[in-house]
Amino acid sequence: MTTVASKVAVIGCGISGAVCASQLARNGISVTVFELGRGPGGRMSQRREISEDGRELTFDHGAPYFTVTNPDVMSLVHDWESRGLVAEWKERFGVFDCVSKKFQDIEKEGLRKKYVGVPGMNSICKALCNESGVQHRFGNGVGKIEWLEDEDMWSLIGVNGEHLGHYKGVVSSDRLTFIPRVTSATGGPPIDMDVAPEMTLKVKELPVTPRFVLMLAFGEPLPSIPLKGFSFKNSEVLSWAYCESSKPGRSSACERWVLHSTVKYADNIIAQTGHQKLSSDTLTKIAEELNCEFESTIPVNSLPFFKRAHRWGSAFPSTSIADEEKCLWDGKKRLAVCGDFCVSPNVEGAVASGMAAAMKFTDILSSS
Ligand SMILES: Cc1cc2nc3c(=O)[nH]c(=O)nc-3n(C[C@H](O)[C@H](O)[C@H](O)COP(=O)(O)OP(=O)(O)OC[C@H]3O[C@@H](n4cnc5c(N)ncnc54)[C@H](O)[C@@H]3O)c2cc1C
């Protein structure tokens, strides 16, 4: 296999990996993004469902929106806005108290703008990995990353044992690349302890919290809910609700909501089921439980014609591991690790981390 002088492999096409790949390509570095999933987005994915009566329904079942304060991230978001990839979600949010059964509109003027990808949260990742200079391979999980000391480069092997090429540098944008996965035919985690001992220690034990989400579609609008996004006060089961169909660029043909569970509820379920793939019966039971809590706390005039639950086993990292540098970096082997877990548990943190990882390579590779 021939080698290319300044080629970088990015593992994962969530927002941190997609931003990193885009920035590398803009700086003249050839880049290939490998994504385990069928498409880009990671925890900014959009789910497409077909209801029993054949209606197409879309849901942002991961991050519902994001906010920005960091000026560098803001300037990127403005660029995305000018390209029509994101728009401001101008609805006001509030709180629903499950004891008093009342909504409170607590948002004050001047709060941070809420941004959404258009027409779905995954639109940004989709656009970035289609930019000139970025190659993408979806449904291509990386199973092993080998450091070839004599050749001073990396060799990548897929989860099914296939050879994925040689690269001058590698960016890993998911902590799971340090953790063995049942899907890996190559045995062990993609990045092993011997290759990157310090990084492995930092990433492997990183605590994360899970969530379940419930996607609901209604045949009629729900006038008893005056807000398009609200948190639940005094619920052990539900934490947040977002009206999907009120976001810019979405179909408003039927009212769609995404409800998020509490961490406590998700922890309890995972304590019973473990982390293996959930059966459709279990997911149906969880969907019923979450919907039951919703219907019993908020009186709605219509029953959902569609409901489906999804588990996010690692929805949010609980700590960050690279506040200053914003990514982990081994300059000798040209290995970077980026992701929200490096900076802060949100889209903004993931973007900042992807930008920082790209900058490390740009500093050393763009002139080679
Ligand atoms: C339910 C929920 C609600 C949220 N709410 C908000 C919110 O309101 N505001 C906000 O800002 N953020 C929110 N977030 C967090 C936000 O979604 C994340 O911080 C951000 O999307 C993380 O991006 P990332 O690139 O770091 O990681 P990810 O999106 O997790 O991307 C990592 C990618 O790597 C891929 N991958 C893993 N292993 C391999 C492999 N071996 N080979 C190839 N690919 C691999 C994965 O499939 C994944 O696509 C929420 C998240 C969830 C789940």
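Helices, of at least four residues, and strands, of at least two, are runs assigned by DSSP and numbered from the N terminus. In these terms, the place of P119 in this predicted model is the loop between strand 8 (115-117) and helix 3. A cis peptide bond, with omega of about 5°, joins V118 to P119. This is a point worth noting, since most peptide bonds are trans.

The protein chain is divided into domain 1 (1-64 + 121-206 + 319-368) and domain 2 (89-119 + 208-318). The centres of domain 1 and domain 2, taken over C-alpha atoms, are separated by 29 Å, and 23 residues of domain 1 are in contact with 22 residues of domain 2. On the side of domain 1 that touches domain 2, at least two residues are supplied by each of strand 3 (47-50), strand 4 (56-59), helix 3 (123-128) and helix 7 (340-343). Strand 4 gives the most to this side, with 3 residues. By class, the residues on the side of domain 1 that touches domain 2 divide into 9 nonpolar, 8 polar and 6 charged.

The axes of helix 1 and helix 8 come within 7 Å and cross at roughly 35°, and the crossing is right-handed. The contact of helix 1 with helix 8 has 11 nonpolar and 6 polar residues, and no charged residues.

Most residues other than glycine have a negative phi. D152, however, has a positive phi of about 55° although it is not a glycine, and D152 lies in the loop between strand 10 (142-148) and strand 11 (153-158). D152 counts as exposed because it has 12 C-beta neighbours inside 10 Å, and a residue is exposed if there are 12 or fewer. N234, likewise not a glycine, has a positive phi of about 65°, and its place is in the loop between strand 15 and strand 16. N234 is exposed because 11 other C-beta atoms lie within 10 Å.

The loop between strand 15 (229-233) and strand 16 (238-243) is also the place of E236. E236 is partly exposed because it has 13 other C-beta atoms within 10 Å, a count that falls between the limit of 12 or fewer for exposed residues and that of 20 or more for buried ones. When its neighbours within four places in sequence are left aside, E236 is in contact with T262, K264 and Y265. Of these contacts, E236 and Y265 are 29 residues apart in sequence, while their C-alpha atoms are 6.8 Å apart in space.

Notes:
Residues numbered from 1 in each chain as written. Predicted model: local features only at pLDDT ≥ 70, side-chain atom pairs only at ≥ 80, totals over all residues. Contact = placed C-beta atoms within 7 Å. Domains from an automatic or database assignment. Nonpolar A, V, L, I, M, F, W, Y, C, P; charged D, E, K, R; others polar. Axes fitted to C-alpha atoms, helices over the stretch in contact; angles between N-to-C directions. Left-handed = near helix turned anticlockwise from the far one by under 90°.
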